[in-house]
Each structure stands twice: as structure tokens, then as C-alpha cells.
Amino acid sequence: MKVAIIGAGKMGRWFTRFFLEEGDSVIVSSRSKEKLLKIRDEFGVEIADNVSAVKKADRVLICVPIENFEAVAKEIQPHIRPDQVVMDICSIKEFPVKIMHEYVKTGITLGTHPVFGPGVKSIENQNFVLTPVNDEEKRFAREFKSWLEERRANVFIMSPRKHDELMSVVLGLPHFLGLVVCDTLMNYPNFLETKKVAGASYKMLLTLAEAVASEETEFYTSLQMDLPEIEKIEGLFLEKTEEWINMVRRKNGSAFISKMELVKTKLKEVNPDYARSYEVMHRLLGTVKS
Ligand SMILES: NC(=O)c1ccc[n+]([C@@H]2O[C@H](COP(=O)([O-])OP(=O)(O)OC[C@H]3O[C@@H](n4cnc5c(N)ncnc54)[C@H](OP(=O)(O)O)[C@@H]3O)[C@@H](O)[C@H]2O)c1
């Protein structure tokens with residue numbers, strides 16, 4: 001099978017390697033010639049412009065940022081054959097799925113979201129969301145799900161809307177928290193000293209905060225601006241922050257205990273094993289033997 005990867009950025013490179021390791025043939029197209037030449041030299045793949053890549057491929061995987069998605073769909077649509085499959089990997093699904101339906105009138109389309117970044121080694125144990133919306137897409141999504149599961153990925157099928165609602169929490173909330181924590185710490189005069197004496201929970205928080213801050217500003221901004229439930233979840237977070245800080249301000253220890261107990265009870269209902277996360281955190285930090 002020949003796969004066209006459109007967009008030779010971080011994820012495009014990741015999927016290039018992935019499909020090559022699967023034994024597929026890969027043709028890559030991108031906006032910048034420099035990136036294309038680099039990917040050709042590194043992987044020995046064929047490179048082309050978007051249209052030529054689509055014409056030569058059996059499957060097309062669009063790996064461009066959401067801002068560039070419509071332009072790509074518009075450019076390639078006259079060249080898509082009925083036997084081709086066109087998939088995207090955008091981290092938001094409603095918009096690209098709508099665009100694919102608007103432009104791609106031949107071939108099968110499927111919205112996908114690999115819920116992992118370019119740092120992972122394989123898809124084993126990684127989450128994938130597929131967002132088919134009609135019968136043809138649902139049939140193909142079931143087939144693709146089995147294929148991914150044979151490679152030990154965890155695959156979830158849901159509507160684009162549901163995906164975007166869940167991602168408001170899964171991506172939006174930790175990114176928001178990480179950035180606010182970074183901003184807070186950058187305004188705290190003894191930050192460097194805190195790092196030296198850090199315990200496990202602070203190390204964990206710092207890892208999240210610094211990892212989020214190291215990411216691309218455009219990508220993280222587009223997620224905060226476009227995820228549909230983001231204001232709702234971040235608004236709830238602010239509301240909850242107010243509740244907790246008020247107990248601290250009033251030095252109301254008994255209210256704090258009751259609230260913490262209530263949170264523990266609720267957590268236990270949804271995850272009886274939640275306390276094991278303490279061990280998991282230490283294992284991740286390498287501070288206990290696994
Ligand atoms: N990064 C992640 O962790 C992650 C995880 C899951 C899903 N995703 C999704 O994957 C997609 C790509 O993310 P990324 O991190 O790989 O972004 P990236 O590193 O910025 O790469 C995007 C690539 O798309 C190319 N591009 C833009 N417009 C194009 C066009 N009209 N024709 C051809 N190529 C074009 C860019 O080329 P130039 O560099 O020449 O402009 C760039 O190489 C996004 O939709 C993102 O939501 C990302």
C-alpha cells in the first residue's frame with residue numbers, strides 16, 4: 001500500500017516512520033522544500049507536491065495544523081479517486097470532518113486523532129480516537145480499529161463533537177493548568193531554590209508545567225481557542241479554586257477536611273484503586289523500585 005503523508009512536521013515525520021516500519025511505501029508532501037528534502041534524506045522516501053502525492057497514493061493522511069486544513073482539502077479534492085481513503089489527524093475533530101465532507105466528494109474520509117505526541121516509540125498502549133459519521137465511514141472505522149488493535153493501540157469510536165468535548169478536558173485542562181502553574185512560578189522569587197528541595201508531587205507538577213510550556217505556542221493556542229467545552233471546564237476549575245482558596249483564607253480546617261473527604265469518596269466511587277496513583281507517581285519519577 002502507498003500512503004501519502006501531507007505535512008512533514010512532527011507528526012508527519014512520525015507517521016512516515018510508522019508506515020515505513022509497517023512495510024508500506026510512503027510519499028511525503030509539505031509546504032517547505034527544506035523539510036521535504038530532510039525527510040527524503042533521512043527516510044529515503046519519495047517526496048512530491050500535495051497533488052502529485054495524492055495522485056500516487058492509495059491512502060492519504062493529512063498531518064497539517066488545523067489552520068491549514070481547509071486549504072489542503074480544497075487543493076487535493078479534485079484529485080481524489082473513489083477507491084482512496086483520506087484521513088486527518090487533527091487534535092480537534094468537528095471542523096476537519098466538516099471540511100472533508102464539504103470538499104471530498106469521492107473516496108472515503110475518516111477523522112482520526114492519535115492522542116499522543118511525536119515522542120512515543122510505537123502505537124502500543126497509545127490511544128486513538130476515530131470519528132466516523134456515516135455508514136461508509138463507520139464500516140471503514142471498524143476495519144481500521146481492528147488493524148490498530150492488532151498493533152495493540154487502544155481505539156475509541158465516537159462522534160466528532162463528543163471527541164472535542166472530551167478533549168476540552170483531556171488536552172485543554174492539563175495544558176491550561178501547566179501554563180498557569182508556570183506563570184505562577186515564574187512570578188515566585190525563590191523558584192530555583194524550590195526546585196532544589198522538590199518532593200515527588202512538586203517534581204510531578206513541574207514536569208507537567210515545563211513540558212506544556214515547551215510546546216509550540218500556535219498549536220496550544222489553537223486548542224485553547226477552538227475546543228468547544230474549554231470555557232466551561234476552565235470556568236468550573238476557577239469556581240472550584242475559589243471554593244478551596246476561601247477555606248484556606250478563612251483558616252477553616254474542618255471545612256477543608258470535609259471537602260477533601262468528599263473528594264476522596266467520590267473518587268473511590270469512580271476508581272476504587274485511585275490511591276495507587278501515589279505509587280504510580282513515584283514509579284514515573286523513578287523514586288521507588290518498580
Ligand atoms: N504534535 C502533537 O503532539 C500532535 C498530536 C496529535 C495530533 N496532532 C495534530 O497533527 C497535526 C500536525 O501537528 P504537528 O505537531 O506535526 O505540526 P507541525 O510540526 O507544525 O507540522 C505541520 C506541517 O504541516 C505543513 N503544512 C502546513 N500547511 C501545509 C500545506 N498547505 N500543504 C502541505 N503542508 C503544509 C507544515 O509545513 P511548513 O513547516 O513548511 O509550514 C508543517 O511541516 C495537527 O493538526 C495537530 O493537531 C499533533
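Keep in mind that the model is predicted.

**Domains**

Where the domains touch, eleven residues of domain 1 are in contact with eleven residues of domain 2. On the domain 1 side of that contact, you get five nonpolar, three polar and three charged residues.

**Ligand shell**

Now for the ligand. There are 27 residues around it, and Gly7, Gly9, Ser32, Asn68 and Gly117 come nearest. Two elements give two or more residues to this shell, namely α1 (10–21) and α4 (66–76). Of the elements, α4 gives the most, with four residues. By class, the shell around the ligand holds 14 nonpolar, ten polar and three charged residues.

**Helix packing around α7**

Helix α7 spans residues 160–186 and packs with α11 (residues 230–249). It also packs with α9 (residues 200–213). Here are the two pairs:

| Pair | Angle | Axes apart |
|---|---|---|
| α7 and α11 | about 50° | 10 Å |
| α7 and α9 | about 100° | 8 Å |

Take α11 to begin with. An angle of about 50° with α7 means that α7 is oblique to α11. The crossing of α7 past α11 is right-handed. On the α7 side, the residues involved are Ser168, Val169, Gly172, Leu173 and Phe176, and they meet Ile230, Ile233, Glu234 and Phe237 in α11. Sorted by class, this contact of α7 with α11 has six nonpolar, two polar and one charged residue.

How are α7 and α9 oriented to each other? The angle is about 100°, and because 65 to 115 degrees counts as roughly perpendicular, α7 and α9 are roughly perpendicular to each other. From α7, this contact uses Pro174, His175, Gly178, Leu179, Val181, Cys182 and Leu185. Their partners in α9 are Leu205, Leu208, Ala209, Ala211, Val212 and Ala213. The contact of α7 with α9 contains eleven nonpolar and two polar residues, with no charged ones.

Note on methods:
Residues are numbered from 1 along each chain as its sequence is written. This is a predicted model: local features need pLDDT of at least 70, side-chain atom pairs count only at pLDDT 80 or more; totals for chains, interfaces and linings use all residues. Two residues are in contact if their C-beta atoms, placed from the backbone, lie within 7 Å. Ala, Val, Leu, Ile, Met, Phe, Trp, Tyr, Cys and Pro count as nonpolar, Asp, Glu, Lys and Arg as charged, and the others, Gly among them, as polar. Axes are lines fitted to C-alpha atoms, for helices over the stretch in contact, and angles run from 0 to 180 degrees between N-to-C directions. Angles under 35 degrees count as roughly parallel, over 145 as roughly antiparallel, 65 to 115 as roughly perpendicular and the rest as oblique. A crossing is left-handed if the near helix is turned anticlockwise from the far one by less than a right angle, and right-handed if clockwise. A residue is near a molecule or strand if its C-beta atom, placed from the backbone, lies within 6 Å of it.
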